[in-house]
Amino acid sequence: MSDNLIGHKAVLSLAGARKVLAAAEAEAIRQGWPVVIAVVDDGGHPLCLARLDGAQHGSDEVALAKARAA
């Protein structure tokens with residue numbers, strides 16, 4: 001039996017969040033979607049946020065809420 005009972009969890013780094021944001025931005029541009037993209041950590045705290053050209057003002061909070069719910 002192992003004495004190490006504390007597990008490790010994966011943590012999204014800033015570099016990882018930037019990769020996720022870049023991929024989402026590329027897909028949104030490819031599809032022609034003027035959206036706000038939010039990436040949060042496992043506690044729901046924002047890591048990256050981008051509002052693409054043409055996205056509605058005020059969509060920032062909606063994007064953050066969706067990211068937290070996901």
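Reader: How far apart are the mean positions of the positive and negative charges of the protein?

Author: This is a predicted model, in which local features need pLDDT of at least 70, side-chain atom pairs count only at pLDDT 80 or more, and totals for chains, interfaces and linings use all residues. Residues are numbered from 1 along each chain as its sequence is written, and side-chain values use heavy atoms, with hydrogens and water left out. Lys and Arg count as positive and Asp and Glu as negative, His and the chain ends not being counted, and each charge is placed at NZ of Lys, CZ of Arg, CG of Asp or CD of Glu. For the 7 positive and 8 negative charges of the protein, the mean positions are separated by 3 Å.

Reader: What radius of gyration does the protein have?

Author: The radius is taken over C-alpha atoms, and the globule rule is 2.2 Å times the number of residues to the power 0.38. For a compact globule of 70 residues a value near 11 Å would apply, but the protein has 16 Å.

Reader: Is Val 39 buried or exposed?

Author: Val 39 lies in strand E1, residues 36–40 (strands, E, are DSSP runs of at least two residues, numbered from the N terminus). Leaving aside neighbours within four places in sequence, Val 39 has contacts (heavy atoms within 4.5 Å) with residues including Leu 12, Ala 17, Val 20 and Leu 21. Buried means under 20% relative accessible area, exposed over 50% and partly exposed in between, with a 1.4 Å probe and protein chains only. Because its relative accessible area is 7%, Val 39 is buried.

Notes:
Helix = DSSP H or I, 4+ residues; strand = E, 2+ residues; numbered from the N terminus.
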